[in-house]
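Here is a structure to read through questions and answers. Look it over, then follow the terms one by one.

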Amino acid sequence: MELRQLRYFVAVADTGNISRAARKIFLTQPALSRQIKALEEEVGQCLLERHAHSVRLTPAGEVMLHEARELLRLADQAVERVKASGTGGRLRIGYAPTLAEGLMTPAVASFTRVHPRTKVELHDFSTGEMLAGLEGGKLDVVVSVAQERASRGLSWTPLVRLPWRLAVPARHRLARLAKVPATELAHEPLLAFPRREYPDYWEDLGGWLSRHGLRPRLAGEYDGGNSLLAAVAAGLGVALVGTRPAHQVPTGVRLKLLTEAPPPVCVAAGFRADRTDDKPLAVFIAELRRTAEALK
């Protein structure tokens with residue numbers, strides 16, 4: 001069995017058509033068919049049900065697809081690690097700036113003192129992009145909201161818990177209240193992060209709104225904390241956000257307590273469960289935990 005045969009098989013499974021797969025991987029259709037047939041002979045199982053214009057995976061093909069993806073991921077990961085070994089390695093970090101404020105800079109600085117030859121790459125990604133990066137092997141660690149229920153094969157190390165606050169314009173009527181009742185949101189245009197890129201945010205927010213029987217008008221979606229708070233400062237609406245340092249809050253915004261706030265947001269370091277023996281990764285997570293403890 002050869003890795004190229006596995007790549008060809010995955011291409012056919014992904015497209016559902018041998019002709020399209022052949023064009024995608026720059027092979028002729030007969031050559032691709034021969035490679036798939038050779039793979040079936042190697043494993044002694046029929047992997048595809050062939051129809052006039054499509055193919056369908058057999059039960060054995062379903063198993064092979066899962067195993068092939070994992071083998072190819074491990075092979076690609078091995079190549080990346082060998083390449084990195086000649087330059088001291090690298091650590092690819094995905095993070096959400098609004099959540100990782102105060103954590104990243106000290107942790108990265110401490111890590112590079114211990115591993116000066118390791119190249120650190122920082123990527124500002126949404127939650128969805130970070131999870132895809134971890135699962136696809138393109139990221140080594142992320143600092144995000146813990147996703148224990150929504151992600152498989154990943155481990156999460158809790159760092160800090162951020163209470164929720166209601167962000168309102170400084171001159172808004174709600175800015176004068178010590179605590180804002182949840183029912184007040186029914187009368188306000190709501191600003192939020194995009195649902196697709198921040199499913200964890202919407203799970204917490206949507207559940208909280210439902211429990212209070214609230215259906216506020218969604219007035220805008222913003223792809224980052226800075227742009228979201230800038231919209232609040234401009235008077236475009238109010239927003240539910242995690243607590244953040246004072247210097248991150250625009251002068252035109254007030255963060256108000258809620259009488260019945262959602263549970264605090266758990267910010268955590270996420271990584272693949274099969275990377276627990278990676279020493280540089282373990283050092284960086286330890287630095288994140290040490291930094292988080294200092295912030296409490």
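Q: How many bridges join strand β9 to strand β11?
A: Two bridges join β9 (residues 190-192) to β11 (residues 238-242), and the two strands run parallel. Strands count as paired if DSSP finds at least two bridges between them, so β9 and β11 pair. In one of these bridges, L191 has A239 of β11 as its partner. The model is predicted: local features need pLDDT of at least 70, side-chain atom pairs pLDDT 80 or more, while totals for chains, interfaces and linings use all residues. Residues are numbered from 1 along each chain as its sequence is written, and side-chain values use heavy atoms, without hydrogens and water.

Q: What makes β8 and β10 edge strands?
A: The open sheet has six strands in the order β8-β12-β7-β11-β9-β10, with mixed pairing. β8 (179-180) and β10 (218-221) each pair on one side only.

Q: Which strands does helix α8 touch?
A: Helix α8 (residues 199-211) touches β7, β9, β10, β11 and β12. Contact means heavy atoms within 4.5 Å.

Q: Why is T58 called buried?
A: Its relative accessible area is 8%. Buried means under 20%, exposed over 50%, and partly exposed in between (1.4 Å probe, protein chains only). T58 is therefore buried. T58 sits in the loop between β2 (55-57) and α4 (59-85). Not counting residues up to four places away in sequence, T58 touches C46, L47, L48 and E49.

Q: Why does F26 count as exposed?
A: F26 has 78% relative accessibility, so F26 falls in the exposed class. F26 lies in the loop between α2 (18-24) and α3 (29-43).

Conventions
Helix = DSSP H or I, 4+ residues; strand = E, 2+ residues; numbered from the N terminus. Axes fitted to C-alpha atoms, helices over the stretch in contact; angles between N-to-C directions.
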